[in-house]
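Take a look at the model below.

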Amino acid sequence: MKSPIIATGLALVASMATAQDSVLTVYTYDSFTSDWGPGPVVEDAFEAICDCDLQFIGAGDGAALLSRLFLEGERTEADVVLGLDTNLIAQARDMGLIASHGIDPQGLIMPISWDDPHFLPYDWGYFAFVHGTDLENPPTSFRDLAASDLRIVIQDPRSSTPGLGLLMWVKAAYGDEAGAIWEGLADNIVTVTPGWSEAYGLYLDGEADMVLSYTTSPAYHLIAEDDDSHTAAAFEEGHYMQVEVAGIVNVTNEMALARQFMAFMLTPAFQQAIPTTNWMYPAALPAGDLPDGFNTLVTPETPLLLPAEEAQALRDEALEEWRTALSR
Amino acid sequence: MAHRAQPLGAAHWAGAAVAALVLVAILGPLGAVLWRADGVGALGPADLAAIRFTIWQALLSALFSVALAIPVARALARRRFRGRAALIALMGAPFILPVIVAVLGLVAIFGRQGLLNAGLAAIGMHGIEIYGLHGVVLAHVFFNLPLAVRLIMQGWLAIPAERFRLAATLGFTSRDIVRHMERPMLRQVLPGAFLVIFLICTTSFAVALILGGGPRSTTVELAIYQAFRYDFDLGRAALLGLVQVAICVVAGLLVLRVALPGGMGSGLDRPLQRFDAQGGWQRAGDMLAITLAAAFLLLPLGAVFLRGINGVAGLPVSVWQAAERSVILSLATAAIAVALALPMALLIARGRAKGLLETIGALSIAVSPLVIGTGLFLILRPHVAPGNSALPVTGLVNALSALPFLLRALVPAIEAAEAGYGRLAQSLGMSAAQRMRHVLLPRIRRPLGFGAGLAAAMAMGDLGVITLFATPQSGTLPLEMFRLMGSYRTDDAEAAALVLLVLSLALFWIFDRGGRVNAAT
């Protein structure tokens, strides 16, 4: 498009042309809808079969997405929300805005079982500390990391979903000892950033030896940049999972279409787009169908994940432990 | 001044109307958030710690910015050298950069792998660590030193050249000039400059957190973010927004009480010539101040430039579309900002309710953009689709944020023009329009150009309210850059940051030059 004005005009014409079709509005996070995210591929594939107009609306990150839904309440235009993670599910459920998806989760291929009636996963990943392959003796546990003099960058659990994931990781692995683990880590933490982007940027700039990210992060460098100098450290206590889910908004006028989209989400047309656009593991694709490069990734032996309601209940306490330990 | 007739009567009412509008535009959204909340909520110990830290770091940041700006502004005001205008424009760039770009630029110089530590290691010295309160202050000085320099320099340039001639005739030494001319001028200019920088720093969030090194450096803004995003506690968010209003009002009333009105009189707009300060030591001191400030401000920008330059040619087309939207947005913002600022500045310059009006003007940088954005979202959401209102709302909010800077630049210039020529204009029976055109506009063109340029450039780099409203098709350049960063595309993001830097500077340069047409300085 040469200019926004022409673009607006074309969009207007396009919307008139499809005025007969029904519109499915999906709220998601920004990086899903961007040109290099899964959004465009998914939109084309779904519109080819649904006789509808699929519209993605991006709203920051997962937490911003939920906050937007909360602000809009029953007035929301969203038919589907896509992009919450398990740490946000309980709050989303409490809002009373999510309908049962009614889809059999048999097709899911994940290291854990899934039976949530409201939310259905579309991808998942393991949180991990990413580091350069030249790092000698990478740590094999949080205690190991705390005992080392390695410098790490993490995200703030009060403003970022990976940050909250790390909080839950330590809590799930160490329970009541979580506070002590954080105290041990305090002198390793160079700084805490508001979001993932800043932390990863600082790591790439050499400000830290390790950064909290995902086991799948090295796949981006390997596949998109042909660079094999990044890897993730495997921790003995296991790795906390981030499971990204979608749900149908119960005030939707397009229930049938929304269900069709949820089912479509688990088909290869959607799932195959995930690995090299979202850089996560697809939730319903056999491991053999993953692109080359994913087979080189670290695969944790123990997946950790707190049930949604438990994660919500533990959050304030875990946050306070984190804040106290790092404020000293 | 009460005896003066009021040939600007219409402008007077316009000023009052704009002030009321600004107040509604800021407090309205805050009220909307409060309205939607279930109750006002309460502040916990963590919030109180955040308030204390916020005020403390903002005080330090504003003090250092203003104190360091004085020698630089004086040096730039009294020296002429090749490339001076370009240097002044370039040095303004940090103020308009998106936070994350500036932080990565600073890290390239002061970070673990940065130039400074490489240099220290080369001469066998211990490295320095940027993370901590000193890092926060360093970054805030980096952002705000340019603004302080410009505001203070305006003060120096507003001293009529004739005063310096007279001083030379009377045999004033540099010390005499400091005592009789420069010190009173500084007392007029510094409090306002200190206030705006203090207030900007109170809404800092990402800088304070990233360079502060962790939760010790939690600011009120982060607490608001958390209340909105993770706790869905609108009451607490609104309460923290009210705390920001209170900080602004108290700071405004305290600081503006210290300020003196201008008393320099007027001149014939001759080019400035400094007959003092020709000694070798003074020249050397001035050049040292300029060199140090230029190195401090320009090296991180150089890093941003070098990282981005290779990727510019290969940027995806969406980045250029976003850039186009951002330029249009910036121009609109500058126009709205001037339309709001001029009537208010005229009213303030007439001495009516000065403290109140300046405080209203300053509110827009003291109150969280997240609170204002969310409030506007709540107000507009039932009526307009967010995608359609993204750019107008961003333009309005940015124009409001630019208001205090325009006021700071405009008010002293209008006061000076009114004090010097008001009576003459009145005795000549000039109409309000004639007076505006022949007396005021020629004298406020420079601050007006500067302020409009600042508004345009700030809108270019803003990554505040737009995040709440934007759809994939209506993102601005900084938002697009942030999306690239969030998708591992660091090289593209760095190139987009460079485009952003160049566009912001170009916009600022054009407005700022426009304000100085025919001016020898």
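Start where the two chains meet: 44 residues of chain A are in contact with 45 residues of chain B. Two residues are in contact if their C-beta atoms, placed from the backbone, lie within 7 Å. On the chain A side, the elements that give two or more residues are helix 2 (30-33), strand 2 (52-58), helix 4 (62-72), strand 7 (189-193), helix 9 (196-204) and helix 13 (308-327). Helices (H or I, at least four residues) and strands (E, at least two) are DSSP runs, numbered from the N terminus. The residues of chain A that touch chain B divide into 19 nonpolar, 15 polar and 10 charged. Here Ala, Val, Leu, Ile, Met, Phe, Trp, Tyr, Cys and Pro count as nonpolar, Asp, Glu, Lys and Arg as charged, and the others, Gly among them, as polar.

This is a predicted model, in which local features need pLDDT of at least 70, side-chain atom pairs count only at pLDDT 80 or more, and totals for chains, interfaces and linings use all residues. Residues are numbered from 1 along each chain as its sequence is written, while chains are lettered from A and ligands numbered from 1 in the order in which they are written. The predictor gives the complex an ipTM of 0.83 and a pTM of 0.86. The pLDDT is the predictor's confidence in each residue, from 0 to 100. For chain B its mean is 82, and 91% of the residues reach 70 or more. Within chain B, confidence is highest in helix 2 (residues 45-78), at a mean of 91, and lowest in helix 18 (residues 466-469), at 69. Over residues 1-7 of chain B the pLDDT is below 50.

Finally, how do helices of chain B pack? The axes of helix 17 (residues 432-461) and helix 20 (residues 490-514) of chain B come within 7 Å and cross at roughly 165°. That makes helix 17 of chain B roughly antiparallel to helix 20 of chain B. Axes are lines fitted to C-alpha atoms, for helices over the stretch in contact, and angles run from 0 to 180 degrees between N-to-C directions. Angles under 35 degrees count as roughly parallel, over 145 as roughly antiparallel, 65 to 115 as roughly perpendicular and the rest as oblique. Helix 2 and helix 6 (residues 133-158) of chain B come within 6 Å, axis to axis, and cross at roughly 40°. Helix 2 of chain B is therefore oblique to helix 6 of chain B.
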